[in-house]
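Subject: Structure handover

Hi,

Here is the structure I promised to pass on. Please have a look before reading my notes below.

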Amino acid sequence: MTDSFYDILKRCLQFIPWERELQPTLSASNVSMVLHEPSILAGYRLPNQRWLYYVKSLFQLHNETLNVWTHLIGALLIVHRLHIYSGEYDYLTDPHSWPVLAFGICSIMCDFTSSCVHLFHSKSPYIHYIAFMVDYIGATIYSFGSGMLLYYVQSDPHLYNIFGHWFLAIIAIVTVLNFLVLCGAKVYYGEDPSNLKRKYFFLGAMAFEFFTCSIPVVPRFIYCVQNDEDWASTAVECIVMTMFLFFLQSLAFSAHQPEKTWPGKFDIIGHGHQIFHILTVLTQMYQLGTAHYFNMQGLSSHTQPDLIMILITIHLIIATDVMILWILRTYVSKCLSKLQ
Ligand SMILES: [Zn+2]
């Protein structure tokens, strides 16, 4: 007799190494300062364990558990949303579905690398540095995806005709520069997780990319504000809401609240980085919804997205980022030896 769905699900759940007891974790004073999170006083996993220890920690409670799960669930939500859209678009032949598909892939990459980074970075200070530089590859690929989506879906027709496909190259260069600044700031200021200069570099580089990507949208936004039609006011709403969500993300990322006001009370659940992750996923879902709305209203009909060109550009950015990471890894060792 064949097994029912519930029998198979039960066997799968039994296979997962659920921990029924809390595993011992350390206070901040017992781990290297490099691994500290600002105002998180406890719940740190043990460093220098086997890789399997960190894999199993996915099912245990510590100060990274929710950081891992929020982005894992986020990646699954994006996959689900792309699947729903497959009923409305033909991803093989409809050029206006390609920016949506490519943005979804960029978001999934960002969320998945972030989950892996939060799962494994506590192994050692060296792994911590390398892991967060991998996280920056995911974060900047998401920024590139956002810029590409804005350009092919919401750009002003006149500016689109001026820039053509060249704007993709401009965003790609800004993305790589953004990655370089994030990694440089991490290597230079990474030994002190509370260093404000690193945050300023991070926010400055991200904001620069955001404003560069927004240039082709500005004239259209002004046109929509001055226009009384229904689609124009919805378009204004979508653009303002997306900007507001980005603002909330940067606030949650930099403020470290509520743990800064009540240190030790939000070590496991509710700290600012978890809120930042949830806001990232909400923004990604909202960006997908907005792009879908613009496509359905025919507001992106002036653009001619090229899937092959978009995918080649993403691959080139990743290859350049990996090369930069490979070069910078030698500075990580030097930086850590200075610390010792
Ligand atoms: Zn994170």
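Tyr189 is buried, because its relative accessibility is 15% and the cut-off for buried is under 20%. Keep in mind that this is a predicted model. Phe201 is partly exposed, at a relative accessible area of 42%.

Those residues belong to the aromatic part of the story. Searching the whole structure gives 21 aromatic pairs. One of them is Tyr85 with Tyr89, an edge-to-face pair. Their centres are 6.1 Å apart, with 85° between the planes. Tyr85 and Tyr89 are both buried.

Tyr189 and Phe201 make another pair, and this one is stacked, because the planes are at 25° and stacked requires under 30 degrees. The ring centres of Tyr189 and Phe201 lie 6.1 Å apart. Tyr189 is in helix α7 (residues 166-189), while Phe201 is in helix α8 (residues 196-214). The pair therefore ties together parts that are twelve residues apart in sequence.

There is also an aromatic cluster. Tyr151, Tyr152, Tyr160, Phe163 and Phe167 form it.

Two lysines are worth a look next. Lys123 lies over the face of Trp51, 4.9 Å from the ring centre. Lys199 has its charged end over the ring of Phe253, at 4.0 Å from the centre of that ring.

Now back to the α7 and α8 region. Glu191 is placed in the loop between α7 and α8. Is Glu191 buried, exposed or partly exposed? Glu191 counts as partly exposed, because its relative accessibility is 28% and that class runs between 20% and 50%. Glu191 and Pro125 are 66 residues apart along the chain. Their C-alpha atoms are separated by 9.2 Å.

Last, the metal. Which residues are the protein donors of the zinc ion? They are His118, His273 and His277, each through NE2. These donors lie 2.0 to 2.2 Å from the zinc ion. Their spacing in sequence is H-x154-H-x3-H. His118 sits in helix α4 (residues 98-120), and His277 in helix α11 (residues 272-296). So this pair ties together parts that are 159 residues apart in sequence. His118 and His277 are both buried.

Best wishes

Conventions. Residues numbered from 1 in each chain as written. Predicted model: local features only at pLDDT ≥ 70, side-chain atom pairs only at ≥ 80, totals over all residues. Heavy atoms only, no water. Phe/Tyr/Trp six-rings, centres within 6.5 Å; stacked < 30°, edge-to-face > 60°. Buried < 20%, exposed > 50% of the residue type's maximum accessible area, 1.4 Å probe, protein only. Helix = DSSP H or I, 4+ residues; strand = E, 2+ residues; numbered from the N terminus. Lys NZ or Arg CZ within 6 Å of the ring centre and 35° of its normal. Donors = N, O, S within 2.8 Å, 3.2 Å for Na, K, Ca; no water.
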